[in-house]
Amino acid sequence: MAAHRKPSRRSVTGGTARAALTLALAGVATATAFDGTGHADPEANPAQVRKEVDRLYRQAESATEKYNGAKETADAAGKRLGTLRDEAARRTEDLNTAREALGSYAAAQYRDGGLDPSLQLMLSSSPDRYLDGAEFARYAGGRQAAAVGTVRQRLREIGRLRGAARVELRTLKARQAELDRRKKEIDGKLRRARALLAGLPSADRALVGEDGTGRASRSGTAARTVLASSGSGTAGSTASAAPNARSAAAVAYAYAKLGSPYVWGATGPNAFDCSGLVQAAYRAAGVSLPRTTYAQIGAGRRVSRADLRPGDLVFFYSGISHVGIYVGGGRMIHAPNPSAPVRLAPVDEMPFAGATRVV
């Protein structure tokens, strides 16, 4: 080291690991900054890692909710496309039947020769019999005209159905392309967050916390024990404080899933993302909720933070990108991120954006 430079300060965990982390943070900030954030501080420390990992997880979760919305749209388009194709197949069968009927009329007309009615009357050996036959011919002609009309109607219906199917197919392909983009974005952010955490020495990684937010995650059993010992209530007492039986059932479901892993796009029964946990909890209570946080905040009656009751949905960040289930005592159960399982947490640990009472 040059004599004019002061010796650099090294942590007790080793300068080599610190240098590697600094390079990792700088790489994230310069090579991949999706949201335009600046370069990471060269003197990286656990607090900076925590901030960067938090940012990546929030971006991944926002992308996950957009992925969930696109998937919901794609699934709906796929169902509509299937329905249209089934209906077109039925109309095609009807068209074939109508064409067969029209073909039989055309063949009969060809066999009869299509003579002029006045000539047929003059040539007929029995005018009375001919007049009876002419009446039948008029009737048959009416049936033939109806058959032509049926064929034309079926052709129009099939054309309309095929046009609608083309629209749905374009929608489906667009949403599938969006799903691919979102998946790559999510995977990239989660991969970078894991790399940052893995680059920390074990002592500093403990300071950051298992969930990447500076707060240690808890297993389901440990979380219930801590909640009970803190005087904040238990699963049973929380459910009894819910405004109705369905809210109580949703809360009970959430308690039962404490410790379940976070998996983006998952809706249970063994893994969840944040909106997937909420949807599954209320599905178990007999209530159908939309898939995404953006839609879930509108599924019910908005309530103030001061009026929260167990079972209410609590939303966070300005983009409404995270949701949890309020369980009383200023706490919620939520699926935080890929480094943390479903857990109990204070409602005030994230920027509060609103709340909804579903039932």
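## Surroundings of D312

The side chain of D312 comes to 2.7 Å from the backbone nitrogen of R309, in what is a predicted model. D312 also joins its side chain to that of R357 through a polar contact of 2.9 Å. The residue is found in the loop between β1 (301–303) and β2 (313–316), and its relative accessible area is 0%, so D312 counts as buried.

Leaving aside residues up to four places away in sequence, D312 touches Y282, V303, D307, G324, I325, Y326, T356 and R357.

Six strands form an open sheet with antiparallel pairing, in the order β1-β6-β2-β3-β4-β5. The edge strands are β1 and β5 (343–346), each of which pairs on one side only, and the twist from one strand to the next averages 40°. Within this sheet, strand β3 (residues 322–328) and strand β4 (residues 331–334) are paired in the antiparallel sense over three bridges.

Two helices lie across strands of the sheet. Helix α8 lies across β3, β4 and β5 and runs at about 105° to β3, whereas α9 lies across β2, β3 and β4 and runs at about 50° to β3.

## Aromatic pairs

A pair of aromatic rings is described by the distance of the centres and the angle of the planes. Y67 and W264 form an edge-to-face pair, with 4.8 Å from centre to centre and 90° between the planes. This pair links distant parts of the chain, since Y67 belongs to helix α2 (residues 46–112) and W264 to the loop between α8 (245–256) and α9 (274–284), 197 residues apart. Both Y67 and W264 are buried.

The ring centres of Y253 and F272 are 6.4 Å apart and their planes stand at 85°, so this pair, too, is edge-to-face. Because Y253 lies in helix α8 and F272 in the loop between α8 and α9, the pair ties together parts that are 19 residues apart in sequence. Y253 and F272 are both buried.

## A charge over a ring

A further arrangement at an aromatic ring involves R305, which lies over the face of F352 at 4.9 Å from the ring centre.

How values were computed
Residues numbered from 1 in each chain as written. Predicted model: local features only at pLDDT ≥ 70, side-chain atom pairs only at ≥ 80, totals over all residues. Heavy atoms only, no water. Phe/Tyr/Trp six-rings, centres within 6.5 Å; stacked < 30°, edge-to-face > 60°. Helix = DSSP H or I, 4+ residues; strand = E, 2+ residues; numbered from the N terminus. Buried < 20%, exposed > 50% of the residue type's maximum accessible area, 1.4 Å probe, protein only. Lys NZ or Arg CZ within 6 Å of the ring centre and 35° of its normal. Polar contact = N/O pair within 3.5 Å; in protein donor to acceptor, adjacent residues only side chain to side chain. Contact = heavy atoms within 4.5 Å. Pairing = 2+ DSSP bridges. Axes fitted to C-alpha atoms, helices over the stretch in contact; angles between N-to-C directions.
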